[in-house]
Amino acid sequence: MADPYDILGIGRSASEQEVKSAYRKLAKELHPDRNKDNPNAAERFSDITKAYDLLSDKEQRARYDRGEIDLEGNPTNPFAGAGAGAGGFGGRPGAGGGYSSQDFRGFGGAEEVDLGDLFEGLFGGSRAGPTGGRGGFGRSAPPPRKGADMAYRLRVPFVDAARLAPQRITLQDGKTIDLKLPAGVESGTQMRLRGKGEPGPAGAGDALVTVEIERHPHFERDGDNVRLDLPITLSEAVRGGKVRVPTVDGAVMLTIKPGTSGGTTMRLSGKGFSRKSGGRGDQLVTVQIVLPDDVGPLAEALEGWSDESDPRADIGA
């Protein structure tokens, strides 16, 4: 079984920042856009994303460290302490990103045991007599029930979720369905597919699909907005100019004003997630000034020049 700590190349005592730094380093190295000729890169990129998703969640990380769940977030011992009818979510993975719960009932409308019906079967009687009292006989059989619901988990790439790109999922019966994501989709959003569950005397149950949005190495979600830290050179910050900026809809050109300070945030309208109320959020671009590795020529150019301003005056330093 793959270990998320080994995948990210960190120790079990790694801090949240160390987990994040390790993920970002590997994500830049293995991103599919940079490794189009390396088919193994996409698989490794998926692995480090799963590892980061688990270790960046304090509760999930603690459960993994205790041996309660695996890298996929599924219980390592789903029957432990099940008692009388404990239900589960996960199940075995299905093709195309779906996860079936046919091994763990009790999610959604899964069937429950009726002890009264059990006693009727043992004693050949009914709980209610002709006058409605208990202990009578001859009552008709209970109405037929629908089949059990089936639970699936669908991992959706960050950019696809922002753009509401259709997602394909394979159901237990082998059939594939293209799902249309709803506006405002987020991790935990659940979609119900009527009649796509297990068959039953009164019709098939439903398929319950829970969405899990994958993290992105550069973009970060903030409500309906998308945030991005944009590195620029000192020359671009001082002189200004146009720079290429990635968005969930593709790269666009952004104008940097002369004298732009690091930490300045600019807004790209309509480049965020789709809102439930209509329209889309924005992309918030925060500038980060990056100095060259060799600052010698820069230091020579600044020889004899001194900045007399006090950038820390507003914070009382």
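## Surface, cores and salt bridges of a predicted chain

The chain exposes about 19,100 Å², and carbon and sulfur atoms supply 50% of that area. The model is predicted. Of the 317 residues, 35% count as buried. The chain has eight helices and eleven strands. Among contacts with a separation of 6 or more, 52% join residues 24 or more positions apart.

### Nonpolar cores

In soluble globular proteins, nonpolar side chains tend to be buried together. Here the largest nonpolar core has 35 residues. Leu179, Val209, Val245 and Leu254 have the most contacts inside that core. Leu179 touches Leu154, Pro166, Gln167, Ile169, Met191, Leu193 and Val209, leaving aside residues up to four places away in sequence. A second core is separate and has 20 residues, including Ala14, Leu30, Phe45 and Leu54.

### Helix α2

Helix α2 spans residues 16–30. It has 15 residues. From first C-alpha to last, α2 reaches 21 Å, close to the 21 Å expected at 1.5 Å a residue.

Which residues of α2 are buried? They are Val19, Ala22, Tyr23, Leu26, Ala27 and Leu30. These residues cover an arc of only 130 degrees around the axis, so they sit on the same side of α2. The face turned away from that buried side carries the exposed residues Gln17 and Lys25. Cover for the buried residues of α2 includes α1 (4–8), α3 and α4 (58–65). Leu30 is also one of the residues of the second core.

Val19 shows the packing in detail. This residue belongs to helix α2. At 2% relative accessibility, Val19 counts as buried because the cut-off is under 20%. Its contacts are Leu8, Ile10, Ala14, Tyr52, Leu55 and Arg61, not counting residues up to four places away in sequence. Ala14 is a member of the second core. Val19 and Ala51 are 32 residues apart in sequence, and their C-alpha atoms are 9.5 Å apart in space.

His31 lies in the loop between α2 and α3 (39–55). Phe45 belongs to the second core.

### Salt bridges

Side chains of opposite charge can pair when their charged atoms come close. The structure holds 20 salt bridges. The table gives three of them.

| Salt bridge | N to O distance | Separation in sequence |
|---|---|---|
| Arg215 and Asp53 | 3.2 Å | 162 residues |
| Glu214 and Arg155 | 3.4 Å | 59 residues |

Take Arg215 and Asp53, whose side chains meet in a salt bridge. Arg215 lies in the loop between β5 (207–213) and β6 (220–222), and Asp53 lies in helix α3, so the pair ties together parts that are 162 residues apart in sequence. Arg215 counts as partly exposed, at 38% relative accessibility. Asp53 counts as buried, at 15%.

The side chains of Glu214 and Arg155 also meet in a salt bridge. Glu214 lies in the loop between β5 and β6 and Arg155 in strand β1 (residues 150–156), so this pair ties together parts that are 59 residues apart. Both Glu214 and Arg155 are buried.

Asp249 is partly exposed, with a relative accessible area of 32%.

Which residues are linked in a network of salt bridges? Asp53, Arg153, Arg155, Glu212, Glu214 and Arg215 are.

### A backbone note: Leu164

Leu164 has a positive phi of about 60 degrees, although it is not a glycine. Leu164 is found in the loop between α6 and β2 (167–170). At 24% relative accessibility, Leu164 counts as partly exposed.

Methods. Residues are numbered from 1 along each chain as its sequence is written. This is a predicted model: local features need pLDDT of at least 70, side-chain atom pairs count only at pLDDT 80 or more; totals for chains, interfaces and linings use all residues. Side-chain values use heavy atoms; hydrogens and water are left out. Helices (H or I, at least four residues) and strands (E, at least two) are DSSP runs, numbered from the N terminus. A salt bridge is a side-chain nitrogen of Lys or Arg within 4 Å of a carboxyl oxygen of Asp or Glu. Buried means under 20% relative accessible area, exposed over 50%, partly exposed in between (1.4 Å probe, protein chains only). The expected span of a helix is 1.5 Å times one less than its number of residues. The arc is that of the directions from the helix axis to the C-beta atoms. Contact means heavy atoms within 4.5 Å. A nonpolar core is a set of buried Ala, Val, Leu, Ile, Met, Phe, Trp, Tyr and Cys residues joined through side-chain atoms within 4.5 Å. Accessible areas come from the Shrake-Rupley method with a 1.4 Å probe; for residues, only the protein chains shown count as cover.
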